[in-house]
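Visitor: I would like to learn how to read a few features of a structure. Please take them one at a time.

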Amino acid sequence: MPVFKRSGKKEMPEIGSSSDIVFMFLFFFMVCSQLRSTEVKVKVKLPEATEIAKLERKDLASYIYIGSPTSQYQSQYGTESRIQLNDSFKTTKDIRDFIAAERESLSEADRQLMQVSIKADEDARMGIITDVKQELRRCSALKIMYAARKAGQ
């Protein structure tokens, strides 16, 4: 039976050049960062407001977009206002599943701090917004914010 012998001591290679360090940082940030955001498929021109408060923690906010579909989706969905949850058009009946999924994605401590931000077009009918609010009440999502822009912007 052959015997394997170690020839000398093997050393760990050093981190050599700055390009290696830059590559490691790049790889780290690519792995840790979120690359994809929601594609907005509805036209949303936010209404003007005089009193605006900035959202403190955006990671706790779930967004509901309400508006007429953009030109590339009008042939399929028409020109009436639609509800967009994540990357697809949904109805008010789908809001419960959306809120439940958003709550499940948060930690136990952050679930109580979850907020729903409604980004509705200024020309959207109030009926669809009221329907969304009623459905949010039914699934106990009571922290609702409306996105708006400052007057004159």
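Predicted model: local features only at pLDDT ≥ 70, side-chain atom pairs only at ≥ 80, totals over all residues.

Visitor: Where is Asp110 placed, and which residues does it touch?

Guide: Asp110 sits in the loop between helix 3 (95–105) and strand 5 (115–120). Leaving aside residues up to four places away in sequence, Asp110 touches Arg57 and Leu60. Asp59 is 51 residues from Asp110 in sequence, with 9.7 Å between their C-alpha atoms.

Visitor: How should I read a pair of aromatic rings?

Guide: Such a pair is described by the distance of the centres and the angle of the planes. The structure holds 5 aromatic pairs. In one of them, Tyr63 and Tyr65, the ring centres are 6.4 Å apart and the planes are at 25 degrees, so the pair is stacked. Tyr65 counts as buried at 11% relative accessibility, while Tyr63 is partly exposed at 23%.

Visitor: Which aromatic pair is tilted?

Guide: Tyr77 and Phe89 form a tilted pair, at 4.4 Å centre to centre and 55 degrees between the planes. This pair links distant parts of the chain, with Tyr77 in helix 2 (residues 71–77) and Phe89 in strand 4 (residues 88–90). Phe89 is buried, with a relative accessible area of 14%, and Tyr77 is partly exposed, with 28%.

Visitor: What lines the second largest pocket?

Guide: That pocket has a volume of about 410 Å³. Its lining has 17 residues; Ala53, Lys54, Leu55, Ala147 and Ala148 lie nearest the centre. By class, the lining has 9 nonpolar, 2 polar and 6 charged residues.

Terms used. Residues numbered from 1 in each chain as written. Heavy atoms only, no water. Helix = DSSP H or I, 4+ residues; strand = E, 2+ residues; numbered from the N terminus. Contact = heavy atoms within 4.5 Å. 1 Å grid on protein atoms, 1.4 Å probe; cavity = no way out; pocket = protein on both sides within 12 Å on 5 of 7 lines; lining within 4 Å. Points joined across faces, edges and corners; volume = space filled by probe spheres on them. Nonpolar A, V, L, I, M, F, W, Y, C, P; charged D, E, K, R; others polar. Phe/Tyr/Trp six-rings, centres within 6.5 Å; stacked < 30°, edge-to-face > 60°. Buried < 20%, exposed > 50% of the residue type's maximum accessible area, 1.4 Å probe, protein only.
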